[in-house]
Structures are given as C-alpha cells and as structure tokens.
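Trainee: Could you take me closely through one part of this model, namely the salt bridges inside the chains and across the place where they meet?

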Amino acid sequence: MAVWALIFSLVSAGQVPVQGELSSRALFRIKDQDSSRFSFFTTAGSLVFTPLANERLETKLGFTIRAQGFPLVNSATQLSAVDIVEPVSVLLDEAYVRFYDLVPGLSFTAGRQRVHWGSADVINPTDNFTTPDYSDPLVWDRRRPVWMLHLGYSPLNALGMEFGLKPVFEPALNPPACWYDARVLPTVQELRSALVAQLIGMGYDPVLAEQIAGQFDIRIREQLNLPGQTLNDFTWGGRVRTHLGRFDFSLSGLRGYDFLPEAQPVLTADFAQQRLDFVLNEFFPQKTVFGADLATELAGIGLWAEAAYALYDDTLLSDRLSVIGGMDYSFAGFYINLQYLHGDFPLARLQTEPVRDFLLAGLERRFASDRMLVRLGGVLDLEKRSFGLIPLVRVTPVSGLNLELTGLVFSGKTGSAFAPLDRVRELGFGISYQF
Amino acid sequence: MKRMQAITSVLLCLSAVVSAMSGDEVLDRMREATTASDRRIEAVMRITDKNGRVQERVLRMVMKGDNKLLVRFLEPADLRGVSFMSTSPENMWVYLPAQGRVRRISGSAAEASFGGSDFSYKEMANISFGSSRVQGVPVETELNGVRAYQLLIDDGGTQSRLWVEKERYLPLQVEQLDRDGGVRKRIIFAEFQQEKGVWMPWLIRLENRAKGSVTELRLRSAELNIGIRDSYFSEENMKKGG
C-alpha cells in the first residue's frame, strides 16, 4: 500500500515518467458450427513507470490489468463472486533494475524482463527464456517477461555476449477456451468405444462386448507436473553475436524447458473390477538447445535464418531440429515477408501430433501518409495443406491511436495443423491508444 | 519541360566557374568543419504533411565520426524507445521495444520512412555525408546570395547536388535527384552555430517534393567531444531506455 501511495504521489508530482496503453479487441465468429457469437473479447490497460532512467541506471515497473473472456457464472450463488462475474487479471510486466557500464560495455539486469534471441520473424526457435503468450489469437509472437538475471557485454560494437539465469519456470499462456478449445483428453464415449473394439478383438460377440463395456466405470484424469525449483531446474544460457560485413551472426546455448507440456497417456483396464482408468501424464520436457542465427541482405532483399537443435533428457522424446528461414523486400510501396518453418507453430503445437512444416507470408502497404496499413498475412501447413489467413486494416487517425479491422479465415481437414479451427470465419475489431 | 530543365542546367553551368579545388577536397574541408569527434544531440522533429497536419517527435542522437549514429525516440508514446543504429551505409539496425528485438535493415527497406518523417533510414545514416562520393568537378556558384561550391555527389546510388558555402565550407543545401534529373527532395541546412571549433546546423529542413510534405529537425541541445567509445554503438545500447 505504501509503495502504491509513493508511486502515486511521485507520478502526481510529475517525477516518475509514466507511459501506458489502453486496448480492446473483440472477435465475432461469423461462420462455423458454433457461429454468430463473440468468440473472444479482451480489454486491457497497461502502465509502465520508469522512476529512474539515465546513462548508468534504469528502473522499470509495469503492469497490465486485463479483462479477458466473458462472465463465467454458472450458478446464482456465483453472482457474489466478483472474479467470476468480472474475470479480470493483473499481470506483472517488466519490473527490473538495470545497471549500464558497470565496466565499459557491461550491463546487468535483475528482475522481471524480456530477453529476445533470434533473427527470424514471429517464430524464434532459439528464443527460450521468455514465456510465449498465445492468449491473443491475432498475436503469435508476444512474450511474457520472466524473472531472471541477465548480463550483457559489448566490448566492441561488432561483438556482444550475454548470459541469463532464470530460476522460476513459467509455462506458455494458451488462447482462451472460448476461442480455441485445445482438446487433449478423450471422452468417456471414445474410451468405451475403444474398449468395445478391444473386447471384439479378444473374441467377444459385438453385442456382449457392448454390454460388458457399458458396465465399466471409466475414469479420466489429467496430471500436470511443473518443473521443480531446484538448481537443476533453473534455465540458463548464453549467446555470442557479431557482425562481419553485411552479416549478423549469433551462436547460443541454453539449458531449460519446453514451454508447452508433452503428454504421455496411461490406460489401465481392470476386468475383474470392471474399471478403466485413463491418466494423461503431462510434463515439461527438460532440454539443452544449441542455436545459431544469421541475418544479412542480398541485392536489397533482407535474408535471415535461424536453427535450434534441442536435445531432450527424456529418452522417450526424440531430439528435435527446428529451422526457420525467410526474406523480406520492399518495392513500389509494398512490403513482402516470406518464411519457411520446419518446427512448431503456436496453434498447431496444441495438436497431439504436431505438423512441423509451414510457409508464413505477409504482404502489406501503407496509405495516406502512413496513417493506414493494409496487410494480408497467412500461414500454410505444407504437409496437410491447411491454412489460416488474417487480412488486416489498421488506421492511425492521430499519433498513438489505432483502429483495427481484422478477418480470420481457417481451413483444415482432420489431422492437419488447423483442423480444430476448420471453417472458422471471424471478424475482429480493435482499438488501442498509447500515451 | 524536361528539355527546359536541361537547357537551364547547361546555362547555369556555363555561367558558373569551374573551381580550382577538387570535389573531394571541398567535401573533406566540409567534413573537417562540421564533424566532431563525437556528439550527443537532442532534437525536435516536426513533420508537416501536404494537408498541413503536424506531428512532432523528440529524439536523442549520438554520433561518432561521420558514420556511427544511434538515434532513440523519446516522444511520442507510440515511438518511445524505438531506436536506430548505423555503423556504415551497409549496416543499419532498428530496435522495436514492443517486439524486444533488433532487426537489420535491408537495402530495399533503407529507403523507408524514418519514424514517419520524410527522412529515410539511408538519409539518417548519411546525415554527416560520411558515405557521399563526389562525381565530376565542383562548380563555383551562388545560392541565395551566398558564394558556394556546387558538387554532384553519389549517396549509394542516389545522385544529389550539394551546395557548400565557400567561405566556411558549410553544407547549405542538398537536392536529391530522380532518374530524370528532377528534384525529389531538398534538404536545407541553416542556423549554423560553432562549438568547440565545429560548425553545426541547428535546423535541417527536408522538403519532400513527391509527397508535398516537410520535415524539420531542430536541435534542442548539443554536446560535443564528450568521449563516446566505439562500443557505445551496440545492440545493448539500442535497448537502453526501451
């Protein structure tokens, strides 16, 4: 309370610079089996205080108050629970103390911060410190800050190195269930059908198999284990970067965890007790990641490539190579961006058998002295040919104020990357103001 | 119209006097007169579009020699923390705090608008004429009643006419030419002040003929020769205050 009073009095006195953003976005589903409804709604206010910022020291405190989704009330009793009627959360954003030039070129940051690695757009396989935030369906590259210590050293302008240590693991934030229900558990009916098939396979008559399976007590459970808080569970890693001529290079190594869990199903059938237990054991795989990235240009075309090789501790998981390569180019007022990804794409990652080859593309043009942006972005699953398209028009009538009209079009057959969003058509409306 | 322009250019050349100094000598003298070892500048950028609408930006620029530059936007809110760094004409990067990442600016994007202004990234990177190359011989002429050298320069593929004041070797005006020889942009340097033996224009005005807009960069404060190291121009420092 005293801290808030102090901050308020300093801000009131104009001694603490403050900046912030107000934003609101709604998605309206116009076509789907579950259509003509708002599928997503969020309103947020962010404030960032910078009590101290000079050439040697910087302190920052930021937080976001976010109302996301709709009232979750399902009984009259819950009308007295304000957090259910108004689902509002407070998120702590960056909150750190940063020292510059402890020795020339050396900076040290302690606290909640964002550390970004990698040269590619949107998807960065080498970026494994900060937590992905997939909670907004239209933003695929947002990251939550994390608690960590970070050391950066640039002895020369062409040479930089950094080291980070993150003691606390925070998993990724997924899209809200009202927009995308990542179904990971089977239903009782599905398990009963599987049991019938197994009994028939064992030689039972189909009718009898149905009768036996119908008497089974089927229980489904999900068990998620978070990483511990021992020294062995810390995430730590380093990166060296340089540029030579027109090439930017970096090499990195990191010991840490996947941000989304792996699942291992365990099915136990007790025919004597007529009981079937399905337990989905979920855990965050520990891994060591070696990464490399580069960025350059050739004949005016921006080029980049980024690769990460993840070695998993769990012997049941195979080691994984993720690669992304891309280009961008500006011509006649247009900007085009193309990327090939062999790796995890945020929405597709939620599938049980993730598809891993994608083409990402974006074409944009600005009009009216840059006050209007028209963009067509999309992603294509190269294996199963499912796709997502996101056209966008953003108008900036005055500096800091943005109005957005967006479309969302998904298509994908069963087993493809975007199958859960098949035939989804949505219109999005957004407004934001930065001050 | 183009024929008239060509005839006018020829007549102007005939009436002017070819200088005894070489173009490189004039350019070197200009760099000597205007380049500090390093400098830290705070400036207000005022952008007026063709409809008369005005936007302002406040930025801090740190320069070393004539090719190292780090610019950080302090205002408005939607650009605060965005920074731009250049260490040579081929090496330019931009830092976007919302993404938390530093991006290399490719050749095709170098012509893009710098912070919504009429300056491009490429023009900002060459604001001290560090990568300008002279073509041909300088011509002695007058600009607004001031005796000057007129040079034809190449700024990495863009041809420009540069007027350098004859007495103090100060840049007066640059006209960027399009393929047909017409003026695409005009940059006027004005309100020169001398500090620690270095001349600095406290007003740079860019007239964008194609868009009909004008950007003025007016200095608010300047510190010269303060001992900035080469390593200041690093990715770490781009994020400072971001």
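**Salt bridges within and between the chains**

Mentor: Glu165(B) counts as buried, at 7% relative accessibility, where buried means under 20% relative accessible area, exposed over 50%, and partly exposed in between (1.4 Å probe, protein chains only). Its side chain meets that of Arg168(B) in a salt bridge, at 2.9 Å from N to O, and Arg168(B) is partly exposed, with a relative accessible area of 32%. A salt bridge here is a side-chain nitrogen of Lys or Arg within 4 Å of a carboxyl oxygen of Asp or Glu.

Before going further, note that this is a predicted model, in which local features need pLDDT of at least 70 and side-chain atom pairs count only at pLDDT 80 or more, while totals for chains, interfaces and linings use all residues. Residues are numbered from 1 along each chain as its sequence is written, chains are lettered from A and ligands numbered from 1 in the order in which they are written, and side-chain values use heavy atoms, with hydrogens and water left out.

Over all chains, the search of the whole structure finds 49 salt bridges. One of them joins Asp127(A) to Arg143(A), at 3.8 Å from N to O; Asp127(A) sits in the loop between strands S5 (106-113) and S6 (131-132) of chain A and Arg143(A) in strand S7 (residues 143-144) of chain A, so the pair ties together parts 16 residues apart in sequence. Helices (H or I, at least four residues) and strands (E, at least two) are DSSP runs, numbered from the N terminus. Asp127(A) is buried, with a relative accessible area of 2%, and Arg143(A) is buried at 17%.

Asp313(A) and Arg255(A) also meet in a salt bridge, at 2.6 Å from N to O. Asp313(A) is partly exposed, with a relative accessible area of 40%, whereas Arg255(A) is buried at 17%.

Turning to the interface, 37 residues of chain B are in contact with 48 residues of chain A, contact meaning heavy atoms within 4.5 Å. Across the interface of chain B and chain A there are nine salt bridges, and Arg241(A) forms a salt bridge with Glu236(B), the closest N and O atoms being 3.5 Å apart. Both of these residues belong to a network of salt bridges that also links Glu162(A), Arg239(A), Asp293(A), Glu235(B) and Lys239(B).
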